[in-house]
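Please read the following explanation alongside the sequence and the model, taking one element at a time. The account begins with the terms and then turns to the helices, the surface and the contacts along the chain.

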Amino acid sequence: IKQNRMSFRRCATKFGHHANGIARLNHGSFGSPHPSTLEATLEHYREWLSQPDALYFSGNLFKAIQKSERKAALALDCQVENISFVENATTATAIVLKRWKGQQKDGNILALSTIYGGCKRSL
């Protein structure tokens with residue numbers, strides 16, 4: 001496993017927007033994404049606001065998603081075909097369960113007590 005250590009200064013730069021004494025382990029949850037994620041989100045939001053149809057029908061949205069998938073695949077050291085961005089955990093759970101159901105005859109599912117309600121209902 002490749003381990004990258006981040007200096008204190010770099011960590012402060014990347015996550016300094018969090019309140020003092022707060023450290024988020026899941027940087028995408030509850031309004032605590034990395035500043036570069038916030039900037040990219042705002043950029044796409046402004047583009048969508050200016051001309052929603054153009055963003056979709058020009059193919060630029062699809063190209064941006066493909067670019068993100070390639071970057072994720074590189075970071076995760078896997079094939080881009082194995083990357084899929086979905087809206088939320090419930091959608092991801094439904095997709096996995098549908099595929100799993102088609103491949104398994106018997107089996108068990110382990111779910112933690114912290115599971116999202118929508119995911120739990122999918123089981």
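Helices (H or I, at least four residues) and strands (E, at least two) are taken here as DSSP runs, numbered from the N terminus, and the expected span of a helix is 1.5 Å times one less than its number of residues. The model is a predicted one, in which local features need pLDDT of at least 70 and side-chain atom pairs count only at pLDDT 80 or more, whereas totals for chains, interfaces and linings use all residues. Residues are numbered from 1 along each chain as its sequence is written, and side-chain values use heavy atoms, with hydrogens and water left out.

In these terms the protein has six helices and zero strands, so that, read from the N terminus on, its elements follow the order α-α-α-α-α-α. A residue is called buried if its relative accessible area is under 20%, exposed if it is over 50%, and partly exposed in between, with a 1.4 Å probe and protein chains only. By this criterion 11% of the 123 residues of the protein count as buried.

H4 consists of 17 residues and reaches 24 Å from its first C-alpha to its last, which is close to the 24 Å expected at 1.5 Å a residue. Within H4, the residues Glu69, Ala72 and Ala73 are buried. They cover an arc of only 100° around the axis, and therefore lie on the same side of H4; the arc is that of the directions from the helix axis to the C-beta atoms. An α-helix has 3.6 residues a turn, so residues three or four places apart point the same way. On the other side of H4, by contrast, Lys63, Lys71, Leu74 and Ala75 are exposed.

Asp77 belongs to the loop between H4 and helix H5, the latter covering 89-103, and with a relative accessibility of 72% Asp77 counts as exposed. Val80 has its place in the loop between H4 and H5 as well, but at 31% relative accessibility Val80 counts as partly exposed. The C-alpha atoms of Val80 and Gln66 are separated by 8.8 Å, while the two residues are 14 residues apart along the chain.

The surface also carries a nonpolar patch, formed by Tyr56, Phe57, Leu61, Ile65 and Phe85, which together have about 550 Å² of accessible area. Patches are made of residues with over 30% relative accessible area and no salt bridge, like charges being joined within 9 Å and nonpolar side chains (Val, Leu, Ile, Met, Phe, Trp, Tyr) within 5 Å. A salt bridge, in turn, is a side-chain nitrogen of Lys or Arg within 4 Å of a carboxyl oxygen of Asp or Glu, and accessible areas come from the Shrake-Rupley method with a 1.4 Å probe, where for residues only the protein chains shown count as cover. Helix H3 (52-57) and H4 each supply at least two residues of this nonpolar patch.

The aromatic side chains can be followed next, since the structure holds two aromatic pairs, where rings of Phe, Tyr and Trp (its six-membered ring) pair if their centres lie within 6.5 Å, and planes under 30 degrees apart count as stacked, over 60 as edge-to-face and the rest as tilted. The rings of Tyr45 and Trp48 have centres 6.1 Å apart and planes at 25°, so this pair is stacked. Both Tyr45 and Trp48 lie in helix H2 (residues 35-50), three residues apart, or about one turn of the helix. Tyr45 is partly exposed, with a relative accessible area of 45%, and Trp48, at 41% relative accessibility, counts as partly exposed. Tyr56 and Phe57 form an edge-to-face aromatic pair, with 5.0 Å from centre to centre and 90° between the planes. Tyr56 and Phe57 are both exposed, and for Tyr56, which is placed in helix H3, the relative accessibility is 55%.

Finally, helix H6 (residues 117-122) contains Lys120, and Cys119 has its place in helix H6 too. Cys119 counts as buried at 4% relative accessibility, whereas Lys120 is exposed, with a relative accessible area of 57%.
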